[in-house]
Amino acid sequence: MKPFLKANEKEMWSLLETLVNIDSGSGHKKGVDLVGEVLQEKYLELGFTIETMKEDVQGNHLVMRHVSANNPKIMAVAHMDTVFPVGTAKARPFNIQGECAYGPGVSDMKASHVVLFFALKALHETKCVGLENIVVLLTSDEEIGSLTSRKLIEKHAEAKDYALIMEAARPNGALVTARRGAGEYTIHVTGKAAHSGLMPRVGSSAIEELAHKIIRLHKLNEETNGVSINVGLIDGGSTVNTVAPTAVAHVDVRISKPEQAALIDQKIKEICAVPDVAGTTIVVLGGIERPPMVKNEQTVELYKIIQDVGKTLGIAIHDVAAGGGSDASFTSAKGIATIDGLGPIGGGAHTEEEYLETTSLLERTELLANVIQRLTVGEK
């Protein structure tokens, strides 16, 4: 497949430039849908059928499979949204400097769409098996927690043996075999306003109450057990000389084991159940949205297959556990073998320094095509 990919490398870079230069932040439905339209046109050329799952606010989700796919056992998941606002692509469009390519979403994950499509195109053009054994899910809201796509991903995971999640490979080239689960809580505190100089005792400070809660929440951190609690945003009060009538905190939670979710949720709610400052009340919203991706037996077996494929191609494959969340959590929680980071090598996601290692685009496309082929042969 390498000769085919090498002959089509210019077309690969052209597609990547097109995708990167489309603003597709999660809240920009028009842009996300335009990315989807560009990709739909490509997949139709390969004989794929396309089912559009329409959304009113976020972009539409796409479910695509080849006309010969009857009961595919592989699912590939890639998201079309980025974190960047409208206007970013115009301000700093796709460009290549030395051995890296730059632009909004270049590695998270516009380049992964190029890898996925051309891996399938390589199978199609070289008449190799694999197209009949895969369903492709292109989603629109991964960057904001997969609010509407989660059910779609979980539904398609039910009858699958393998999930290939197309986030970028880590900066050192590693695949991801484990991820921490993630959640977010919002704590609203209501107190009673009073003049801080004239009648401070009449008031009840929501900020003071929130301060007590923040200290106790941070004591829940257990680094050795993979539990992280971070109060990352706070707001409160009305004026500097007023006892604060309101305060709010936004809390990021990370866990490493499925059983930690209920325990941490319980502890957070227990901490916030009783106020430390008389006259204040507390409301807690949110929860653990993403389960952890656990490096289970099925995932280890799939990882070994990919390692073996990589060895035949001269690509050394290793793995890491990642702290951030992805759609891999949803497929892994369904008990199917899941590997993440199957896109090309990149880093700096969500920043102006986001980059893609140019040499990895062709390499990881060849790897993915051969992995799909190997998994399909194994199914026969």
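# Reading strands, a helix and a loop

Analyst: Strand 3 (residues 74–79) and strand 7 run parallel and are joined by 4 bridges, and the model in which we see them is a predicted one.

User: Which residue of strand 7 is the bridge partner of I74, and how many bridges pair strand 7 with strand 14?

Analyst: The partner of I74 in strand 7 is Y162. Strand 7 also pairs with strand 14 (residues 337–339), in the parallel sense and over 3 bridges, and there the bridge partner of Y162 is A337.

User: Which way do the residues of strand 7 point, and are they buried or exposed?

Analyst: In a regular strand, side chains alternate between the two faces of the sheet. In strand 7 (residues 162–165), Y162 and L164 point one way while A163 and I165 point the other way, and all of them are buried.

User: What span should helix 2 have, and where do its buried residues lie?

Analyst: At 1.5 Å a residue, the 12 residues of helix 2 (residues 9–20) should span 16 Å, which agrees with the 17 Å between its end C-alpha atoms. Its buried residues are M12, W13, L15, L16, L19 and V20. Seen down the axis of helix 2, these buried residues fall within an arc of 160 degrees, so they line one face of the helix.

User: Where is S140, and what does its side chain reach?

Analyst: S140 sits in the loop between strand 6 (134–139) and helix 6 (149–157). With a relative accessible area of 0%, which is under the 20% cut-off, S140 is buried. Its side chain reaches the backbone oxygen of G59 at 2.5 Å. Leaving aside neighbours within four places in sequence, the residues in contact with S140 include S26, V32, H61 and D81.

Note on methods: Residues are numbered from 1 along each chain as its sequence is written. This is a predicted model: local features need pLDDT of at least 70, side-chain atom pairs count only at pLDDT 80 or more; totals for chains, interfaces and linings use all residues. Side-chain values use heavy atoms; hydrogens and water are left out. Helices (H or I, at least four residues) and strands (E, at least two) are DSSP runs, numbered from the N terminus. The expected span of a helix is 1.5 Å times one less than its number of residues. Buried means under 20% relative accessible area, exposed over 50%, partly exposed in between (1.4 Å probe, protein chains only). The arc is that of the directions from the helix axis to the C-beta atoms. Two strands pair if DSSP finds at least two bridges between them. A polar contact is a pair of N or O atoms within 3.5 Å; within protein, one must be able to donate a hydrogen and the other to accept it, and residues adjacent in sequence count only if both atoms are side-chain atoms. Contact means heavy atoms within 4.5 Å.
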